[in-house]
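Please view the sequence and structure below before reading on.

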Amino acid sequence: MNTATTLAAVVAMGISALWLAWILKIPAIIILLGFGFIAGPLTGVINPDAIMGDLFQPFVSLSVGLIMFEGGLSLKYRDIKSERPVLINLLTTGVLLTWILVAVSAAIFTGIDWPIAFLVGAILTVTGPTVIIPLLKHIRLTGKVGAILKWEGITIDPVGASLSVLVFEVIRAGGAGFSYTEIIYAIFMTIAAGGISGALAGGFIIHAMKKYWVPDFLQGVFTLMIVFGVFVISNHFQHESGLLGVTIMGIILANQKKVSMKHIIEFKENLTLILVSLLFILLSARLELEDFSQLGPGAFVFVLSVIFIIRPLSVYFSTMKSGLSRKEKIFLAFIAPRGIVAASVASVFGLELAAVSYPGAAHITAIVFMVIISTVLFYGFFSPFLAKKLGLVNPDPQGVLIAGAGPFSRAIASALTKEGFDTILVDTNMSNVTAAKMDGLSASVGSILSDHFMELIELGNVKRIICLTPNDEMNALACQKFRQSFGSRETYQLAYVEGTRFEAIAAEHRGRILFRKDMTAENFSRLCGDKPQVKVTGLSEDFNYDDFIKLNQKAVVPLFISRKNGHLDVFTVDEVLKPMPKDKIISLSILTNNG
């Protein structure tokens, strides 16, 4: 195949792998690696070095830089507040133990030189959100452990990559005959160059957007330009400090509150998704089977030690004084899949050390990919089973995901929360989310249609989605999106105005219609005023549902039934519910002059 055809094939394989992973509900990395091995080592159809030549290494480096920027942009301090002690231990004690133990294990069992072993150890300290978050989404854990794993995966990427950069710098400097003073100076310069360039670039983007120097449609590509600029400039002053620079830049942008990052996040999501798929295909395609055979049988012992000894020890010492239960600690100890950052960083450093003929450079990528493949397969199939065995999965969740955080949504969420049902509000309107948080509700700013954003929301106790936004199309799209997760029965949306073009949309592309046919978004102010009142009424043998309806007549609209067994039922136009004694009716008070 010519170069154009080969590149088109790589793109097609990458996107097809993502699509198949979505259909099969398995981590995409499994299919991506499979496609790469088939196209590269097994058949020789794709040779990344022949396709891209001298451009391959810069492409990988810049792609890793963008992925690291995403990692920093996903890290918000407020989101890790409650789990901060355990996370800090995992990112300090855990990383240090993993680094040292992996290095020692690699040197003993695979026979690689100690400098290469310590570089491999640093690279394998990372887990990675591109693998762990989809896996957690599939398992749907309850309690603290899901949040801890999610934020460990996000935060450990920049920590592990930065450690890898520093170790690589020591190897490169030491290999050139530098003194210890010069090595320490190189480490200092890496931190200084990356930190200063990342901080200045982050501040510049905030200032530029605050002054409206950049239009909305250019914010994504403008930021991409700055990311690449930081990466290149930082590397110019100090070799391989660019990864640290772009990570710090992302962290600064994620935690500022002066300007919106919406357009940057949306652009970054799509671009990173494409880059991750292409990188996995290309990096696995350039592997050589003989690189694995040279490692010998000791490599399998090394992998087993990473999974069954090193990770459990790291978690044990990181959670000794935490409030986690024994079951949570066990699960935390047996889930640490490696992902794209480990693969990319290993490839970058392997290429650079091979270019200067450093001994053992070829083994770096092979060892790291062995760990990636083994951990993804093991944790991908074993973790769901372990979670169920340990009782960390809610077999009968009753929580509610609410699209929209307006007054009506907040009133419903308050009533449901008081009844013991978990509720999560999602809205793109910051003022609505702020009002919800002031009411003590769980709410997040973002688009309900964003895959990346929703992966960061904890849905372990959620069973259904009710869409209450003022946009009928948005409600329908959200129902369609979550039908695969919750099923058609548990996706709901507000009624729409009859006679509109929305009515022509097939029923299978909409959610179930909530409450009653006149409960459209535009009718709320007429039906219940600007301050909706949602009340809870208990039923008994002496006061049943018929009595409730007769007493209130047209003054209320029944919304939910809080069953005596702890279940929640939703009133819809397509099903007649039968409330029983000891159930509770959650209803909306409406203005009586609507009669």
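How are α16 and α17 oriented to each other, roughly parallel or roughly antiparallel? The two helices are roughly antiparallel, because angles over 145 degrees count as such, those under 35 as roughly parallel, 65 to 115 as roughly perpendicular and the rest as oblique.

The model is predicted: local features need pLDDT of at least 70 and side-chain atom pairs count only at pLDDT 80 or more, while totals for chains, interfaces and linings use all residues. Residues are numbered from 1 along each chain as its sequence is written, and side-chain values use heavy atoms, with hydrogens and water left out.

**Overall make-up**

The protein holds 23 helices and 10 strands; these are DSSP runs numbered from the N terminus, of H or I with at least four residues for helices and of E with at least two for strands. Of its 595 residues, 54% are buried, meaning under 20% relative accessible area with a 1.4 Å probe and protein chains only. Among contacts (heavy atoms within 4.5 Å) with a separation of 6 or more, 75% join residues 24 or more positions apart.

The table gives the geometry of two helix pairs. Axes are lines fitted to C-alpha atoms over the stretch in contact, and angles run from 0 to 180 degrees between N-to-C directions.

| Helix pair | Angle | Axes |
|---|---|---|
| α16 (residues 340-355) and α17 | about 170° | 7 Å apart |
| α14 (residues 298-318) and α17 (residues 361-389) | roughly 55° | within 10 Å |

Helix α14, by contrast, is oblique to α17. Its residues in contact include F302, V306 and R311, which meet a set in α17 that includes M370, S374 and F378. The contact of α14 with α17 has 12 nonpolar, two polar and one charged residues.

**Nonpolar cores**

A nonpolar core is a set of buried Ala, Val, Leu, Ile, Met, Phe, Trp, Tyr and Cys residues joined through side-chain atoms within 4.5 Å. The largest has 127 residues, and M249 and F302 are among those with the most contacts inside it. Helix α17 supplies the largest share of this core, 13 residues. Another core, of 34 residues, lies apart from it and includes V400 and I412.

Conventions:
Nonpolar A, V, L, I, M, F, W, Y, C, P; charged D, E, K, R; others polar. Buried < 20%, exposed > 50% of the residue type's maximum accessible area, 1.4 Å probe, protein only.
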